[in-house]
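Here is a brief report on one chain. Read it alongside the sequence and the model.

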Amino acid sequence: DLIKQVDLSTLGTVALEDNQSNILEILVISLNRIRGCILIFDDFHKVRDEKISVLIKYMQAKLSPTNKILALSRSKAPFYLDNMHGREIILGGLTLADSKEVVLQLGTDIGGIALLNIWRRFAGHPMALKLFCMLQEHAERTEIRPSPFTRQDNNLSIEELFAYFKKEILEVLNQDELSILMSLSVFRSPVKIQAISHGISSNKRNLNYLLYSLEKKMIVNKTNNQEFFLHDMLKDILYSMLAYPDEAHASAARYYLTRQTVQDIIEAIYHLIKARDVLNVISIISEEIEQERYRMLEAGYAGPLLEILNQISTSAIKDKKSLIHLLNIEGKAYAVMEKWQESKERLDQALQIAQKLDAGTSDKNITIAYTKKILGEALYLKGEFTQVEKNLLEAANIFKSLQMQEPLKGIYMKLARMYFATGRTEKSQRYS
């Protein structure tokens with residue numbers, strides 16, 4: 001809708017040498033021709049890619065003062081917010097008058113006392129109103145006993161409200177529909193239909209029909225990309241009803257592992273941890289350390305990755321090599337976020353553990369080499385080039401002695417880049 005309003009007449013006059021930057025430039029120029037334009041980033045709390053910070057910073061710098069950026073988030077925004085050019089506004093629920101208007105628009109007559117109780121107990125939460133209206137309509141159609149929300153007293157507890165919602169959901173839905181909702185309740189962001197099919201036994205045609213039915217009942221939402229999700233409030237209620245959450249998270253992890261994008265792998269790690277499958281988490285991290293398979297940190301996922309990995313207790317990891325890999329990835333992630341003290345603590349600990357491994361084994365030397373490589377990369381981000389050179393060269397010597405060409409090539413590339421950045425072109429050419 002926004003693109004339809006903007007003027008793209010400059011498209012033919014701009015040289016598209018850098019496609020992405022020119023698209024942004026065209027968008028900014030066009031938006032600035034609209035006075036009082038607001039660019040909205042909805043569900044900002046679900047963003048997992050830190051590159052969103054670059055986009056917002058760019059837009060803040062280029063948009064005219066009459067145009068604004070609005071980021072809507074249910075929690076503290078995890079990424080860039082410029083406190084000099086922006087401000088945080090804490091939103092509350094709907095007013096009682098607005099709540100009445102919402103109920104009228106939904107075409108439900110729930111009565112003044114019931115509405116007042118809902119409004120008070122859920123602080124005007126729109127989804128609470130929407131869900132209750134749907135359930136109230138079902139109660140009227142099936143002549144279920146009077147709702148507990150019509151009680152005259154004001155002692156209705158949150159627990160009673162949630163218990164009522166749970167009971168009504170169970171009564172309204174059939175078993176297949178409930179299975180779909182349970183499967184969806186573990187996902188943090190919208191997912192394709194394949195994600196749901198991992199968790200239930202219905203065939204695809206039947207699954208499409210069931211999802212359509214749940215959309216009509218205003219329980220499941222669908223994006224323009226044909227992805228499905230539950231509202232956060234409904235998701236919390238349903239998740240609490242899962243009999244085996246570990247199995248549901250394991251199924252979600254299997255779905256994400258079939259997709260293989262960086263964001264999918266981050267989500268897979270989250271679900272594996274929730275499923276208490278630390279072994280597979282360590283396997284993914286080991287591939288990242290030794291093969292740079294996903295390049296999660298370079299792709300901008302340092303913050304989300306740390307948030308997830310911090311749920312793992314290091315005391316529960318008995319294998320020393322696994323612990324070293326975990327400390328290494330955390331140390332580098334903290335360096336990417338410029339949290340130098342946290343980075344140093346983890347990388348120093350990783351190196352100490354590696355040096356205490358059984359002597360005389362190639363496994364020990366390889367582990368030390370990877371740790372020194374990560375340490376060099378972290379120090380490069382801080383600009384401590386003397387220590388960068390020392391650690392990378394020590395790692396290179398170990399890999400060279402063991403004839404491990406792939407990690408050796410990577411280190412030579414980093415050394416060439418470092419020498420070039422510090423004006424030592426001859427050395428840079430030697431390692432290029």
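Helix α15 (residues 302-309) is largely enclosed by the rest of the structure, because seven of its eight residues are buried. Buried means under 20% relative accessible area, exposed over 50%, partly exposed in between (1.4 Å probe, protein chains only). Helices (H or I, at least four residues) and strands (E, at least two) are DSSP runs, numbered from the N terminus. The buried set in α15 is Ala302, Gly303, Pro304, Leu305, Leu306, Ile308 and Leu309. Their cover includes the helices α13, α14 and α16, with contact meaning heavy atoms within 4.5 Å.

This is a predicted model: local features need pLDDT of at least 70, side-chain atom pairs count only at pLDDT 80 or more, and totals for chains, interfaces and linings use all residues. Residues are numbered from 1 along each chain as its sequence is written, and side-chain values use heavy atoms, with hydrogens and water left out.

Lysine 235 sits in helix α11 (residues 232-239). Lysine 235 is buried, at 12% relative accessible area. A polar atom of its side chain lies 3.1 Å from the backbone oxygen of phenylalanine 187. Leaving aside residues up to four places away in sequence, lysine 235 touches Ser185, Phe187, Arg188 and Leu230.

| Item | Value |
|---|---|
| Secondary structure of the chain | 21 helices and four strands |
| Buried residues | 45% of the 432 residues |
| Contacts with a separation of 6 or more that join residues 24 or more positions apart | 65% |

Key. A polar contact is a pair of N or O atoms within 3.5 Å; within protein, one must be able to donate a hydrogen and the other to accept it, and residues adjacent in sequence count only if both atoms are side-chain atoms.
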